[in-house]
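Please read them with the coordinates open.

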Amino acid sequence: MNDISFLADGRAAPWFVGWGTLALINAGLAQGKNRSGLLWFLVSLVFGPLATLVLVLMPKARQTLF
């Protein structure tokens, strides 16, 4: 049995759905902290829960003064 066979039989589908949902949540969280939602969505697709931890620990970005 090869390493990619689990993708074909559907056992990995819940993981992909959960990972994608987490990326969407992180994008919303990033926008709430005045950061780029698209950038954090893409970062979350790669790093997943680690990106969430970084986002939660980061302070809110300052708005421009003018």
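This is a predicted model: local features need pLDDT of at least 70, side-chain atom pairs count only at pLDDT 80 or more; totals for chains, interfaces and linings use all residues.

1. Residues are numbered from 1 along each chain as its sequence is written, and side-chain values use heavy atoms, with hydrogens and water left out.

2. The protein chain has four helices and zero strands, counting DSSP runs of H or I of at least four residues as helices and of E of at least two as strands, numbered from the N terminus. Buried residues (under 20% relative accessible area, 1.4 Å probe, protein chains only) make up 20% of its 66 residues.

3. A nonpolar patch on the surface consists of W19, L38, L42, L45, V46, F47 and L50, with about 710 Å² of accessible area together. Areas are by the Shrake-Rupley method with a 1.4 Å probe, and for residues only the protein chains shown count as cover. Such a patch joins Val, Leu, Ile, Met, Phe, Trp or Tyr side chains within 5 Å, from residues with over 30% relative accessible area and no salt bridge (side-chain nitrogen of Lys or Arg within 4 Å of a carboxyl oxygen of Asp or Glu).

4. Helix α3 (residues 37-47) gives the most to this patch, five residues. V46 lies in helix α3 and is exposed at 58% relative accessible area, the cut-off being over 50%.

5. S44 is also in helix α3, but is buried at 1% relative accessibility. Beyond neighbours within four places in sequence, S44 is in contact (heavy atoms within 4.5 Å) with W19, A23, N26 and A51.

Conventions
Patches are made of residues with over 30% relative accessible area and no salt bridge: like charges are joined within 9 Å, nonpolar side chains (Val, Leu, Ile, Met, Phe, Trp, Tyr) within 5 Å.
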